[in-house]
Amino acid sequence: MSKFLQDSSFAKDSNPGSVGRKRWGLWVTGVVGGTLIALYAVATPFVIPALRKICLPFVPATPAQIENVLKMLQSRTGSLVDIGSGDGRIVIAAAKQGYRAVGYELNPWLVWYSRYRAWREGVHHNTRFHIADLWKVNFSQYTNVVIFGVPQMMPQLEDKLLSELQITAKVIACRFPFPTWAPDHMTGEGIDTVWAYDAKSFQNGHFPSRSRGTETL
C-alpha cells in the first residue's frame, strides 16, 4: 500500500501540466511585480512634487512664451537661470543666444531629458541642469532669472529673490506676475504674457507708475 501511495504521489508531481501552470504563475507574478516597480519609479518624481505645500507643475512653455522671454533678454548679457526648468526648452533657447544657462528642476526624469536635449541640439557646453529644490538654491550669482510660477508661490519667491539678487539682475515672470512688484516691461497676451522686473526697481522700491502703465515691448 505504501509503495502504491508513493507511486501515485510521484505521478501527480510529475504531471507536466501542473509544472507548466506553476511556472506560468511565477512568470506572471514576476512580470506584474516588475511592472509595478517600474511604474512606481517613473511616477514618483512626478507625484512627490504635487504633495508639496507649494507645487510647481510641469507645463511646457509655448513657442510664443519662449519668443517673448528672448525678447525681454535682448541687449542683456551674463548668466541665466530658469527656476523650474522642466524639459529644458528655455535654457536651451537661451544657450543658443549665447547665454551661460542653468536650469533647476526637482524632477530627475526631466533633468536627464533636458541634458539629452541640450546634447542633441549642440548646446550642452553652455548649459547645466541640476536636480534641486528651488527654495534651497541661492540665485545671487545669476544676472537673468526666468520663472514659470504659480500664484501660490509668487509672494514667497518675491522675498527670496529680493534678498538674494544683485542690483543689476533682471527677473522675467511667465504666466503669472509677482503680486507686489510692478513690471518695468511686459509683452505678449493671455497665457503668453511675460513680465520683466529690474532688480534696481524692486530693491529700491521704485516702481513704474501704475497710473501711466508699464512699457510694452
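Start by selecting Glu 158, which sits in helix α6 (residues 154-164); helices here are DSSP runs of H or I with at least four residues, strands are runs of E with at least two, and both are numbered from the N terminus. A quick note before you go on: this is a predicted model, where local features need pLDDT of at least 70, side-chain atom pairs count only at pLDDT 80 or more, and totals for chains, interfaces and linings use all residues. Residues are numbered from 1 along each chain as its sequence is written, and side-chain values use heavy atoms, leaving out hydrogens and water.

Is Glu 158 buried or exposed? Its relative accessibility is 5%, so Glu 158 counts as buried (buried is under 20% relative accessible area, exposed over 50%, partly exposed in between, with a 1.4 Å probe and protein chains only).

Now show what Glu 158 touches: Phe 178, Pro 179, Thr 180 and Trp 181, not counting residues up to four places away in sequence. Contact means heavy atoms within 4.5 Å.

Next, switch to the rings. The structure holds 10 aromatic pairs: rings of Phe, Tyr and Trp (its six-membered ring) with centres within 6.5 Å, called stacked under 30 degrees between planes, edge-to-face over 60 and tilted for the rest.

Pick Tyr 104 and Phe 139: with centres 5.8 Å apart and planes at 85 degrees, they are edge-to-face. Tyr 104 is in strand β2 (residues 100-105), while Phe 139 is in the loop between β3 (127-131) and β4 (144-148), 35 residues apart. Both are buried.

Then go back to Phe 178 and Trp 181, whose ring centres are 4.5 Å apart with planes at 35 degrees, so this pair is tilted. Both Phe 178 and Trp 181 are buried.
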